Amino acid sequence: MINKDWVPYLQVAPLAILMVLFVAIPLAVLVTLSFWLSDGISLTPTFSFDNYKAVLTSFLTWKLLLATLKFAVLTWFFTLVIGFTCSYFLVFHVKNLKLQIALFLLCTIPFWTSNVIRMISWVPFLGKEGLFNSFLMMLGIIDRPLEFLLFSDFAVVLTYVHLFTLFMMVPIFNSMAKISPSVIEAAVDAGASPFMILKDIIIPLTRTGIALGSVFVVTLVMGDFFVIRVMGGGQSSNIAAAMKNNIDQLYYPDAAAMAVFLIIAVLVPIVVILRIVDVRAELAR
Amino acid sequence: MTAIRKVKKGVSRRTFLKAAAGGVAAGSGAITGFPTIWAQALKDVTILQVGPAYSVFQDIANQASKDLGFKIEIQNAWTDALMTRIVNQPETIDIADLEFWGMRKMWPTGKLQAIDVKKIKAWEKIEPIFREGKYANGEPVSAQGTMPFEVTYVEAADAKGFAPQRTELATCVPTIYNADTLGLRPDLIGRKIESWKELLNPEFKGKTSILNIPQIGIMDAAMAIEARGDIKYGDKGNMTKEEIDKTIEILMAAKKDGQFRAFWSTFDESVNFMTAGEVVLQSMWSPAVTAVRTRGVPCTYQPLKEGYRGWGVGMALASHLTDLKRDAAYEYLNWYLSGWQGAFIARQGYYNMVLETTKAALSPAEWDYWYEGKPATVEIKDPFGNLMEKPGAIRDGGSYAERTGNFACWNTVMDEDKYLVQRWNEFIAS
C-alpha cells in the first residue's frame with residue numbers, strides 16, 4: 001500500500017514533471033544564456049548585463065515593443081468583436097442544439113488546414129495583381145491597385161484576426177452556453193431591455209471566456225514572427241521578428257535577452273487580464 | 001577464408017565499377033590508391049553531408065552512393081544553422097557545404113580539418129579565381145568582401161589563420177559558385193536596365209525589393225548606392241560604422257518614400273514576388289529566376305555594368321574524420337569534381353569549379369547554352385527534367401567568361417557585423 005501522504009504528490013507528479021522539463025528548464029537556460037556573450041560564432045559563458053543594456057537602451061526595442069502592443073491590441077479588439085458576436089448568435093439565436101453544434105463545427109473548418117496555408121492564401125488575393133484589386137478595378141472603383149492591402153500592417157492584422165478569432169470564440173462560446181436561460185427569462189420578466197440583458201447579464205457572465213480568449217490571442221500575437229514576416233513583407237516588424245533576425249545571425253545571447261524582455265512584456269497584459277477576472281474561481285463555479 | 005573471399009569479391013566489384021564509371025570518372029580516379037582490403041570495408045561507411053538546399057541535393061547523394069559504393073547521406077541546413085552545428089555539435093557532421101564567408105568564421109574554431117591538396121585529383125583544374133585569386137587572363141579578382149582565395153589555404157594543419165598564398169593544405173574543396181545580380185520582369189519594365197542604381201530609381205517606386213539578410217542585403221544596397229554616386233565605399237565588404245550608418249540612412253529614406261514593395265527572406269518569397277508581379281526589380285538568386293521562368297513568367301537575370309556580387313561554396317571536412325571515413329570523404333570530394341555534380345548544378349544555373357569534367361558530363365547542346373551563351377538548340381531542362389527553355393532562348397548575362405569575368409564584391413561577414421545586424425533591424429522596423 002502506498003502511504004496516504006504520498007497520494008497528492010503522485011497526483012501532481014505528471015504535470016509537475018512536464019512543467020519542469022518543458023517550462024522550467026528551458027526558461028532557466030534562456031535566462032542563463034541572456035547573460036552570456038557572443039561574437040557571432042561562439043558563446044562565452046560569463047555574467048554580463050551587456051545584452052540587457054543593449055536591449056533596454058536601444059530606441060529600437062521600445063519602438064518594436066510599441067509595434068508589438070499595437071498589433072496585440074488591434075487583433076484583440078477585432079477578434080473579441082467577431083468572436084463575441086458569433087458566439088452570441090450561436091448560443092442565443094440558434095435554438096436547435098444540433099444546428100448549433102453543426103454551425104459551431106462549421107466555424108472550425110478553416111482550421112483543418114495548416115496555419116501557413118491559410119496565411120499564404122491571402123497573398124494572391126490581396127496582391128497588387130491579386131483578385132481583390134482586379135475586382136475593384138474591373139468595377140471601376142479604383143484605377144490603380146491599392147498597395148496597402150499586402151505587405152503592410154493592414155495585411156498583418158487581417159491575417160492575425162483570421163487565424164486567431166477561433167481562439168477567442170471557443171472560450172466565449174463555452175461560457176455563454178453555461179448561462180441558464182432562466183436567468184435571462186427572469187430579466188425579461190422584470191422588464192430588462194435587450195441591451196440591459198447584454199450589458200448586465202451576458203457580458204459579466206462570459207467574462208471568464210473573454211479573459212481566456214484574450215490571453216490566447218494576446219500571447220499568440222505577441223510571440224509571432226512568421227505572420228509578420230510573410231504578410232508584412234519585411235515592411236513591419238515586432239520584437240519576435242527582430243529576435244529571429246538575431247538568432248539567424250547566431251547572436252543567441254542578444255536574442256535571449258530580448259526574449260526575457262518579451263516574456264515580461266507579455267506577462268504584463270496577462271496579469272492585468274487575470275487581475276480583472278479571477279479565472280480560476282469562475283471556472284470552478 | 002571468409003575474409004579472403006570477401007576481399008576478392010570487393011576487388012572485382014570495384015574493378016567493374018571503375019570500368020563502368022570509365023569516361024565520367026576520368027581524371028578523378030575516384031577508386032584508386034587504397035589497400036584492397038579497405039575497398040570492402042568502405043561499403044559500410046556512411047558519410048553525412050550537411051549544407052544549404054541550393055547546394056546539397058538528394059539526387060546528387062544518390063548518384064554518388066551508386067558510383068562510389070558507400071552511402072552518402074544528406075541534410076539541409078542554411079549557412080547560419082550549419083555554422084552553429086559546426087561549433088556546437090561538430091560530430092554530427094562529416095562534410096559541411098560551407099560558404100566562403102562562413103569559412104572565415106569557422107576555420108579559426110578548429111572544428112574543421114585541413115585538406116591535402118595532393119589527394120584532390122582535379123585540384124589543378126579548379127578555376128583560377130579560386131585556386132589562385134586571379135582570372136584566367138591573370139587579372140586580379142576584386143577582394144571586396146570575402147574573396148574565396150583569401151580563405152582557401154592554410155600554412156599548417158593547425159594554423160588558426162589563413163595563408164596569403166597558395167599552399168598544399170586547403171580549408172575546403174571549392175565546389176560551386178555563381179555571380180549574383182538583379183532579377184527583373186522585362187515585360188513590366190519595358191526598357192533596358194544597365195546599372196545597380198535602378199534599384200533606387202523612383203521610376204520603380206513600390207516595385208523593388210532587396211533581401212532581408214543583413215550581410216547580403218546591405219551589399220546589394222551598397223552596389224546601388226555607389227552606382228548612384230552617393231557614397232564611395234572603401235570596401236563594400238567591410239564597411240566602417242560611418243559607412244553602415246550612411247547606407248542605412250539612405251535605405252530608410254528610400255523605404256519611407258515607398259521605394260520597396262517588400263523584403264524577402266527566403267528563396268520562395270523572391271519567386272512569388274516576381275511571379276505575382278508585386279515586384280519588377282529585385283535582388284535575386286539564379287535558381288529563383290529559373291523557377292520564375294519555369295512557371296512561364298518572363299524573368300531576366302540582368303548583367304549590370306558595375307559587376308556581380310560573387311559567392312561560392314566549398315566542402316569542408318570535420319576534424320573528427322579519420323582513417324577509413326576520411327578516405328571515403330576524400331573519394332566523395334574527388335567524385336564531386338568529376339562531372340556528374342557539375343552537370344546537375346549547371347542546369348540550375350550554378351557553376352562547378354572544374355569546367356573540363358562538367359563539359360564532358362553535359363551534352364554539347366547544353367554546354368553551348370549554359371556556358372557558351374549560345375541560343376539553345378534543344379529544349380533546356382532543369383536538374384529535375386522540367387522544361388525550362390524552348391530552342392532559341394539565350395542565357396542571361398551571356399557566356400561563362402562574361403558572367404564570371406566581373407566580380408565587384410563577394411558575400412561576406414563584416415568586422416562590424418553586430419552593429420550592422422542591429423542597424424538593419426532598425427531599418428526593417430522603420
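## Chain A: overall make-up

Chain A contains 14 helices and 2 strands, where helices (H or I, at least four residues) and strands (E, at least two) are DSSP runs numbered from the N terminus. This is a predicted model, in which local features need pLDDT of at least 70 and side-chain atom pairs count only at pLDDT 80 or more, while totals for chains, interfaces and linings use all residues. Residues are numbered from 1 along each chain as its sequence is written, and chains are lettered from A and ligands numbered from 1 in the order in which they are written.

The C-alpha trace of chain A spans about 80 × 70 × 35 Å along its principal axes. Of the 285 residues in chain A, 33% are buried; a residue is buried if 20 or more other C-beta atoms lie within 10 Å of its own, exposed if 12 or fewer, and partly exposed in between, with C-beta atoms placed from the backbone. Two residues are in contact if their C-beta atoms, placed from the backbone, lie within 7 Å. Among contacts in chain A between residues at least 6 apart in sequence, 72% join residues at least 24 apart.

## A helix pair in chain A

Helix α3 (residues 59-93) and helix α10 (residues 194-222) of chain A pack at an angle of about 140°, and their axes are 9 Å apart. Axes are lines fitted to C-alpha atoms, for helices over the stretch in contact, and angles run from 0 to 180 degrees between N-to-C directions. The crossing of α3(A) and α10(A) is right-handed; a crossing is left-handed if the near helix is turned anticlockwise from the far one by less than a right angle, and right-handed if clockwise.

Residues of α3(A) at this contact include A:Phe71, A:Trp76 and A:Gly83, and those of α10(A) include A:Ile210, A:Gly213 and A:Met222. By class, the contact has 9 nonpolar, 6 polar and no charged residues. Ala, Val, Leu, Ile, Met, Phe, Trp, Tyr, Cys and Pro count as nonpolar, Asp, Glu, Lys and Arg as charged, and the others, Gly among them, as polar.

## Contact between the chains

The contact takes 25 residues from chain A and 24 residues from chain B. On the chain B side, α4 (79-88), β10 (260-264), α10 (267-276) and α17 each give two or more residues. The most, 7 residues, come from α17(B). The chain B side divides into 9 nonpolar, 8 polar and 7 charged residues.

## Domains of chain B

Chain B is assigned domain 1 (2-171 + 310-337) and domain 2 (185-307 + 406-429), with bounds from an automatic or database domain assignment. Between them, 14 residues of domain 1 are in contact with 12 residues of domain 2. On the domain 1 side, α5 (100-106) and β13 (308-318) each supply at least two residues, and α5(B) has the largest share, 3 residues. That side comprises 6 nonpolar, 5 polar and 3 charged residues.

Helix α8 (residues 214-228) of chain B has 15 residues, of which 11 are buried. The buried ones include B:Pro214, B:Asp220 and B:Ile225. Among the elements covering them are β9 (208-211), α9 (241-256) and α17 (417-429) of chain B. Just after α8(B), B:Gly229 takes a positive phi of about 95°.

B:Thr146 lies in the loop between α6 (128-131) and β6 (153-154) of chain B. B:Thr146 counts as buried because 26 other C-beta atoms lie within 10 Å. Leaving aside neighbours within four places in sequence, its contacts include B:Phe100, B:Trp101, B:Arg104 and B:Trp410.

Note on methods: The expected span of a helix is 1.5 Å times one less than its number of residues.
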